[in-house]
Amino acid sequence: MNRDYFQEALHTFNGGNWYGWKKFDDNGNKIPNDQRMTYANIKIIKDGATMPTEAEVNAKIAELQQADADKETKKASGKQKLRDLGLDDAEIKALIGV
């Protein structure tokens, strides 16, 4: 599963569901769908919401990615500890489903 870290990060600001995507650029040209979901094309759609800086969004993306990496590292470490206790891969899978 590919995670959309960009949108997940955006949802952490302003209580979520505060933004949409511009359909037209400042010159009135239609923005192709495959180019709309960028920081430059965010539009605020919720009253009272404020635009996070691009640096804040990028920091949140890095935090989410690091959390995933940490989770995978802990999973691998846990499996290794179970192997060290003498369990084989089938037994580990039966215990934790992975």
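Predicted model: local features only at pLDDT ≥ 70, side-chain atom pairs only at ≥ 80, totals over all residues.
I noted the ground rules. Local features need pLDDT of at least 70, side-chain atom pairs need 80 or more, and totals for chains, interfaces and linings use all residues. Residues count from 1 along each chain as its sequence is written, and side-chain values use heavy atoms, without hydrogens or water.

Next I looked up aromatic pairs. The structure holds three (ring centres within 6.5 Å, the six-membered ring for Trp; planes under 30 degrees apart are stacked, over 60 edge-to-face, the rest tilted). The centres of the Phe6 and Trp21 rings lie 5.8 Å apart with planes at 35°, so I logged the pair as tilted. This pair links distant parts of the chain: Phe6 sits in helix 1 (residues 5-11) and Trp21 in strand 1 (residues 19-21), 15 residues apart. Helices are DSSP runs of H or I with at least four residues, strands runs of E with at least two, numbered from the N terminus. I also found Phe6, Trp18, Tyr19 and Trp21 linked into a cluster by ring pairs.

Then I turned to helix packing. The axes of helix 3 (residues 54-84) and helix 4 (residues 89-96) come within 10 Å and cross at roughly 125°. Axes are lines fitted to C-alpha atoms over the stretch in contact, with angles from 0 to 180 degrees between N-to-C directions. Lys79, Leu82 and Arg83 of helix 3 meet Asp89, Ile92 and Ile96 of helix 4 (contact: heavy atoms within 4.5 Å).
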